[in-house]
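Please look over the sequence and the structure below before reading on. The briefing that follows takes up a surface patch and then some charged pairs.

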Amino acid sequence: MNMSQATLDALRPYLLPVVYGVVIVAVLPLLAGYIVLLERKVMADMQARLGPMRVGPHGLLQPIADALKLLIKEDIIPESADKWIFWLAPILSVTAGMLAYAALPIGPAFQIADLNIGLLFILAISSMGIYGIVLGGWASNSHYSLLGALRSAAQLVSYETAAGLALITGLMLGGSLSMKRIVDAQQDLGVWFIFCVPIGFFIYMVASIAETNRAPFDLPEAESELVAGYMTEYSGFRWSLYFLAEYANMVVVGGIATTLFLGGWLRPYASLHAHVPGTSIEALDVIPPLVFLGVAGYCFLRAPRQPVLIQKAVMGLFGGLCLVLAAALGWALTASPGVLAGVHGAFWFMAKVLVYLYGFLWFRFTFPRYRFDQLMRLGWQFLIPLALVNVMAVGVGLVLYREQGWNLWAALGLTTLATLVVAAWLGAAEERHARIVEPMEQ
């Protein structure tokens with residue numbers, strides 16, 4: 001008995017990380033499928049149509065149907081391809097995307113590993129995904145695939161530099177590479193870092209869109225030019241692994257932006273502690289269960305109006321799931337402070353990531369695709385110089401605040417204004433360049 005207890009005590013520190021890892025690997029493919037459904041619904045809404053509606057109520061089962069279709073499709077490998085590398089490349093991309101979740105804190109309690117260099121680990125691992133794209137394009141033995149892979153490599157080098165410089169501004173304010181300590185620094189300061197370094201957040205947002213090969217920067221795929229780019233020769237489930245890696249990386253960059261600039265798992269107005277009258281429950285903590293209660297009520301209201309029995313059943317089951325989540329979030333209100341922070345922190349973290357991802361979808365259906373020369377010029381001649389100026393400006397602002405006794409908002413406001421002046425000058429230079437060069441190219 002003593003030996004088994006000692007063994008359990010020795011294994012306890014490793015049990016939760018293993019459980020978290022299994023949950024991420026099991027849930028992420030399903031989550032990616034429903035992000036695709038959300039993308040199709042948002043696109044349909046912006047184009048005044050309905051989107052997927054046939055499979056399940058409002059198309060809720062469409063991702064499962066798509067996954068089954070991809071599983072049973074024929075797996076084709078070109079005759080002259082390098083078969084081993086062709087087989088390994090998409091696995092490498094999706095593995096790098098999933099491994100980056102190890103140091104990403106989804107709430108104060110849900111994290112596989114709290115590394116003191118967590119941000120550096122995430123950036124290093126997620127950058128490995130480019131090898132899967134380059135190797136897949138090269139192993140396909142196709143001109144389209146090779147051109148897409150080379151574009152992706154050039155694009156990643158260009159925009160990862162700008163993204164790294166933008167993240168430095170958040171690190172300067174947080175004073176640590178640990179993801180948890182960065183969130184704690186925002187809690188101590190009483191404000192999210194996006195309000196301190198808005199230009200850094202803007203640069204990172206643009207660079208993260210380019211890093212994940214999303215429109216309007218999806219030049220490695222560029223269907224109108226390269227058929228499907230580095231994925232041209234892939235089919236079936238191998239093809240879907242590249243998409244799974246893309247959506248996994250979208251969640252990773254959204255998680256980094258949420259942690260560094262949007263307060264991580266902190267709820268809005270975290271320093272406000274107004275209570276519900278007659279209770280010890282904070283008023284703003286009631287929002288998460290109310291959100292799921294509202295969604296559950298909508299599902300139960302719409303379920304009888306569905307035309308098919310199976311659709312009524314699925315809508316009712318989805319409403320029941322939302323009701324269970326509302327009950328769990330409501331129970332957390334009466335639990336210990338640690339449980340409340342963990343459960344509600346995960347809710348706020350995922351909510352912020354979803355808002356960030358909605359921006360990705362919005363940009364895709366709003367802006368036209370860039371030409372490759374425009375993409376490179378935006379990265380090297382605008383974003384990188386602006387990011388360098390922004391890092392120096394934030395450094396000056398922090399020196400004025402910490403060494404000269406300035407008010408934090410006055411110091412950072414002045415340096416942000418100076419950075420905006422530089423951005424306007426760089427934008428004017430780019431406009432002059434476009435007026436001179438583009439007519440000559442035409």
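**Surface patch and salt bridges**

Helix α10, which covers residues 236-261, holds phenylalanine 237. The model is a predicted one, and the points below are grouped by topic.

**The nonpolar patch**

- Phenylalanine 237 has a relative accessible area of 40% and is therefore partly exposed.
- Together with Leu30, Ile64, Leu68, Leu71 and Ile72, Phe237 forms a nonpolar patch on the surface, and these residues have about 620 Å² of accessible area together.
- The element that gives the most to this patch is helix α2 (residues 62-72), with four residues.

**Salt bridges between separate parts of the chain**

- The count of salt bridges comes to 10.
- In one of them the side chains of arginine 40 and aspartate 66 meet at 3.2 Å, N to O.
- Because arginine 40 lies in helix α1 (residues 2-46) and aspartate 66 in helix α2, this pair ties together parts that are 26 residues apart in sequence.
- Another salt bridge joins aspartate 218 and arginine 369 at 2.9 Å, N to O.
- This pair links distant parts of the chain, 151 residues apart, with aspartate 218 in the loop between α8 and α9 and arginine 369 in the loop between α13 and α14.
- Aspartate 218 counts as buried at 9% relative accessibility, whereas arginine 369 counts as partly exposed at 30%.

- Arginine 377 and aspartate 373 meet through their side chains in a salt bridge of 3.7 Å, N to O.
- Both belong to helix α14 and are four residues apart, so about one helical turn separates them.

Notes:
Residues numbered from 1 in each chain as written. Predicted model: local features only at pLDDT ≥ 70, side-chain atom pairs only at ≥ 80, totals over all residues. Heavy atoms only, no water. Patch = residues over 30% accessible without salt bridge, like charges linked within 9 Å, V, L, I, M, F, W, Y side chains within 5 Å. Areas by Shrake-Rupley, 256 points an atom, 1.4 Å probe, with all protein chains shown as cover. Salt bridge = Lys/Arg side-chain N within 4 Å of Asp/Glu carboxyl O. Helix = DSSP H or I, 4+ residues; strand = E, 2+ residues; numbered from the N terminus. Buried < 20%, exposed > 50% of the residue type's maximum accessible area, 1.4 Å probe, protein only.
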